[in-house]
Amino acid sequence: MTAADPDIDAFTRPYWDAAAEGHLLLRHCVACDRTHHYPREFCPHCWSEDVRWERASGRATLYTWSVVHRNDLPLFGERVPYVAAVVDLAEGPRMMTEVVGVPEGDLRIGMELEVAFRAEGEVTVPVFGRPRSDG
Ligand SMILES: [Zn+2]
């Protein structure tokens with residue numbers, strides 16, 4: 001689980017800066033019109049360098065999840081259990097994240113989720129919860 005230990009460098013800095021402001025950024029390839037995550041400098045689909053930051057809608061559906069009851073890392077130990085999840089972003093990419101605010105028994109594959117942001121130390125990480133508004 002790398003959520004609490006993001007690899008921040010000059011390239012991924014815009015992603016983390018946007019997260020701190022409440023926006024999820026994705027990398028969109030101009031050459032093949034596909035979007036990917038986690039951010040890479042080259043498009044992983046066609047290897048084009050013509051890839052730009054794009055603000056995501058924040059909408060996603062739940063692909064799979066696992067309730068984590070124990071984590072030996074001190075930072076995580078304070079907040080088990082938590083829901084480690086993979087979501088399908090509306091723009092296409094899959095993203096490893098955490099689902100918050102949804103009781104374990106209410107989790108369903110394909111349920112609608114919306115991005116939220118949680119400060120963890122010096123960084124803000126995207127997590128997903130129930131949509132704030134229907135529509
Ligand atoms: Zn591409």
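## A loop residue to start with

Asp33 sits in the loop between E1 and E2. Its phi is near 60 degrees, a positive value in a residue other than glycine. Asp33 has 10 C-beta neighbours inside 10 Å, so it counts as exposed. As for the labels: a residue is buried if 20 or more other C-beta atoms lie within 10 Å of its own, exposed if 12 or fewer, and partly exposed in between, with C-beta atoms placed from the backbone.

A quick word on what you're looking at. This is a predicted model, where local features need pLDDT of at least 70 and side-chain atom pairs count only at pLDDT 80 or more, while totals for chains, interfaces and linings use all residues. Residue numbers start from 1 along each chain as its sequence is written.

## The overall layout

The protein has two helices and eight strands. Walk along the sequence and you get the pattern α-β-β-β-β-α-β-β-β-β. Helices (H or I, at least four residues) and strands (E, at least two) are DSSP runs, numbered from the N terminus.

Of the 135 residues in the protein, 23% are buried. Take the contacts between residues at least 6 apart in sequence: 51% of them join residues at least 24 apart. A contact here means that the C-beta atoms of two residues, placed from the backbone, lie within 7 Å.

## A three-stranded sheet

Three strands make an open sheet in the order E2-E1-E3, with antiparallel pairing. Strand E2 (35-36) and strand E3 (51-55) are at the edges with a single partner strand each, so one side of each has no neighbour in the sheet. Strands count as paired if DSSP finds at least two bridges between them. E1 (residues 25-29) and E2 run antiparallel and are joined by two bridges. One of the residues involved is His28, whose bridge partner in E2 is Thr35.

Trp47 has 11 other C-beta atoms within 10 Å, so it is exposed.

## The E7 and E8 hairpin

E7 and E8 pair in the antiparallel sense over seven bridges. Arg118 stands opposite Val125 in E8. Two residues lie between the strands of this hairpin, where Gly121 takes a positive phi near 65 degrees.

## Inside the core

The largest nonpolar core has 19 residues, and Leu24, Leu62, Ala85, Val87, Val99, Leu113 and Phe128 touch the most other members. Helix H1 (13-20), E1, strand E4 (59-68), strand E5 (82-89), strand E6 (94-99), strand E7 (112-120) and strand E8 (123-129) each supply at least two residues of this core. E5 gives the largest share, four residues. A nonpolar core is a set of buried Ala, Val, Leu, Ile, Met, Phe, Trp, Tyr and Cys residues joined through C-beta atoms within 7 Å.

Let's zoom in on Leu113, found in strand E7. Leu113 counts as buried because it has 26 C-beta neighbours inside 10 Å. Not counting residues up to four places away in sequence, Leu113 touches Ala60, Thr61, Leu62, Val87, Val99, Phe128, Gly129, Arg130 and Pro131. Leu113 and Gly58 are 55 residues apart along the chain, with 8.3 Å between their C-alpha atoms.
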